[in-house]
Amino acid sequence: MMTKYFKSAVVRFDPLSQRKTARIFLARIPPTTRNMIKIRTEFLGKSSTHKPLISVTFRDGKTIDLDPSKESIGDVIEQLDRHSRALHLQEQMNS
C-alpha cells in the first residue's frame, strides 16, 4: 500500500466485529509513515448509529471514503493505490 501520499486517515469500526478490514488497514500503515499521517481512530459499539468508515485524505486534497464492512482489504488497497499511483506519476512528470 502506497501511504507516501496520505495526509490523514479516519478509521471508524467495531473492534468486536468479525470483519477485519479496518484493523488490517491500520496494521498495513508502516510505523515510519504513522508519524507523517494524522490518524484518527473511532471505536463503535453495538448501540452506535454511525457506520464503519475508512476515510483517507491525500496530499492533493482528494478524499476517498470506503465502507470496511462491505469491502475486502484487497479492494480498499486497490482503490487507495490507484490514486496514489496517479499522484506518483504526476510527481515524476513534474520533476
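The points below cover the sheet, the aromatic pairs and the salt bridges of this predicted model.

1. Let's start with the sheet. Four strands form an open sheet in the order E2-E1-E3-E4, and their pairing is mixed. From one strand to the next, the twist averages 10°.

2. Now the edges of that sheet. E2 and E4 (63-66) each have a single partner strand, so one side of each is left without a neighbour in the sheet. E4 runs antiparallel to E3, and four bridges join the two.

3. On to the aromatic side chains: searching the whole structure gives two aromatic pairs. In one of them, Phe-6 and Phe-58, the ring centres are 5.4 Å apart and the planes stand at 90°; an angle over 60 degrees counts as edge-to-face, so this pair is edge-to-face. Phe-6 belongs to strand E1 (residues 6-13) and Phe-58 to strand E3 (residues 53-58), which makes this a link between distant parts of the chain, 52 residues apart. Phe-6 and Phe-58 are both buried.

4. Phe-13 and Phe-43 also form an edge-to-face pair, with 5.4 Å from centre to centre and 70° between the planes. Phe-13 is in strand E1 and Phe-43 in strand E2 (residues 38-43), so the pair ties together parts that are 30 residues apart in sequence.

5. For the charged side chains, a search of the whole structure turns up five salt bridges. One of these joins Arg-12 and Glu-42, whose closest N and O atoms are 3.9 Å apart. Since Arg-12 lies in strand E1 and Glu-42 in strand E2, the pair ties together parts that are 30 residues apart in sequence. Arg-12 counts as buried at 17% relative accessibility, while Glu-42 counts as partly exposed at 23%.

6. Glu-42 has another partner to check: its side chain meets that of Arg-40 in a salt bridge of 2.8 Å, N to O. Arg-40 is partly exposed, with a relative accessible area of 45%. Together, Arg-12, Arg-40 and Glu-42 are linked in a network of salt bridges.

7. Finally, have a look at Lys-70 and Asp-67, whose side chains form a salt bridge at 4.0 Å, N to O. Lys-70 counts as exposed, at 68% relative accessibility, but Asp-67 is buried, with a relative accessible area of 18%.

How values were computed
Residues numbered from 1 in each chain as written. Predicted model: local features only at pLDDT ≥ 70, side-chain atom pairs only at ≥ 80, totals over all residues. Heavy atoms only, no water. Phe/Tyr/Trp six-rings, centres within 6.5 Å; stacked < 30°, edge-to-face > 60°. Buried < 20%, exposed > 50% of the residue type's maximum accessible area, 1.4 Å probe, protein only. Pairing = 2+ DSSP bridges. Axes fitted to C-alpha atoms, helices over the stretch in contact; angles between N-to-C directions.
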